[in-house]
Amino acid sequence: MRKRIKVQDIVVGMYIDELCGSWMDHPFWKTSFKLEDRNDLTTLQQSAIREVWIDTVKGLDVAMPVEEATEVEVGQQAEQLLRQAAMPAPKPELRVSLEQEMARAIKLQNKAKQAVISMFEEARMGKALPIGEMSALVDEINESVSRNSGALLSLARLKNKDDYTYLHSVAVCALMIALGKQMGIEGDALKSLGMAGLLHDVGKMAVPDDVLNKPGRLTEQEFDMVKTHPRRGWEMLKASFGVDEVALDVCLHHHERVDGTGYPERLSGAALSLAARMGAVCDVYDAITSNRCYKAGWAPADALRKMAEWQDGHFDESVFQAFVKTVGIYPVGTLLKLKSGRLAVVTDQSKQSLLKPIVKVFFSSRSNAPIMPEFVDMSRTQDSIESVEDMAKWDFDLKKLTGVC
Ligand SMILES: [Fe+2]
Ligand SMILES: [Fe+2]
């Protein structure tokens, strides 16, 4: 039986089935393992992970009554949080369709990736960062997000292990802008948030590549090295001309947590700015939905559910709620199986409810064959969502499905 318990209640001999946090929070390679080493227990308790799932069939159970939760309880809490966040649905904006924006977004993403690669190269060599060029890029990303945020955001998830760090910067930029808009931020303040997203991980250039992309468990020393990136980035940005306070703040504090268990300064509560709280949510969402060299990313809908499970102490509640509204419960690009057996990809959020998106049906899982593509508004059909499907399992081409061949 799976139980969620606090890290302080773990003992050697338990089977850790899942660590409740993103893989930037701990140095373990596997997240399921029998805990047999006392040093591993200390490492785990000193990490930013606060809770774990244990499997009492495969390892020891808790000896005394402790604070614990079952899967049903945790699932219900997460579901309730997501449903609360989903209502009311955000006001629809005047914008272009996903198909229309996708072609432009692909070009913009390629251009942005190249620009970020060269900026990171300059950073690696200790040169001044091309902030003016980055500022023009943020404007273009802002325009694309305003036309249709789903295009760039769904593309951003399709990273491969080699371009992860660069496209992660572009994705966090787009997410910060989309989230900022959702929270009513506009103009220069919105642009600052986008710039902060683009620059937040520049300090990773001070961490050796073989540590950053190590396909295995990090040693304590290596993990400490990775954790220097916020401060190293802050130093690089401080030395560059034209970087504003918001970018400096987000760079230094995007791994801080509202309960004070993050790094590097262990700030908590009011000491953490709104921008830093926004950065933390966007950063974790993009990291856990992306494929890494050592781990396949989660489907966006699953990632949101996990984040809702971890929410307490991990993220600012109102920022997380706004974030759910921003990407939707079923973000654009999510592959769904409907009760009818049809497979569909989410192409837009519905005006009625984020739980009933607009989808394009295109495949029958019952006959295992393509069907005539058709757009369906889930708020106006008898059919309903059965499950979120893993895009990798079905091997469909998201770009084709969303209209770009
Ligand atoms: Fe980071
Ligand atoms: Fe990051």
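Along the chain, the donors of the iron ion (ligand 1) follow the spacing D-x27-H-x24-H-H. The pair His 229 and His 255 links distant parts of the chain, 26 residues apart. The model is predicted.

**The iron ion (ligand 1)**

- Its protein donors are Asp 201 (OD), His 229 (NE2), His 254 (NE2) and His 255 (NE2).
- These donors lie 2.1 to 2.3 Å from the ion.
- The angles among the 4 donor atoms run from 86 to 175°, and the site is irregular.
- His 229 sits in helix H9 (residues 229–238). His 255 sits in the loop between helix H10 (245–253) and H11.
- His 229 and His 255 are both buried.

**The iron ion (ligand 2)**

- His 168 (NE2), His 200 (NE2), Asp 201 (OD) and Asp 283 (OD) coordinate this ion, at 2.0 to 2.2 Å.
- Along the chain, its donors are spaced H-x31-H-D-x81-D.
- This site is irregular too, with angles of 82 to 176° among its 4 donor atoms.
- His 200 lies in the loop between helix H6 (187–199) and helix H7 (209–212), and Asp 283 lies in helix H11 (residues 274–289), so this pair ties together parts that are 83 residues apart in sequence.
- His 200 is buried, and Asp 283 is buried as well.

- Which residue coordinates both iron ions? Asp 201 does.

Definitions and conventions: Residues numbered from 1 in each chain as written. Chains lettered and ligands numbered in written order. Predicted model: local features only at pLDDT ≥ 70, side-chain atom pairs only at ≥ 80, totals over all residues. Heavy atoms only, no water. Donors = N, O, S within 2.8 Å, 3.2 Å for Na, K, Ca; no water. Tetrahedral: all angles 85-135°; square planar, octahedral: opposite > 155°, others 65-115°. Helix = DSSP H or I, 4+ residues; strand = E, 2+ residues; numbered from the N terminus. Buried < 20%, exposed > 50% of the residue type's maximum accessible area, 1.4 Å probe, protein only.
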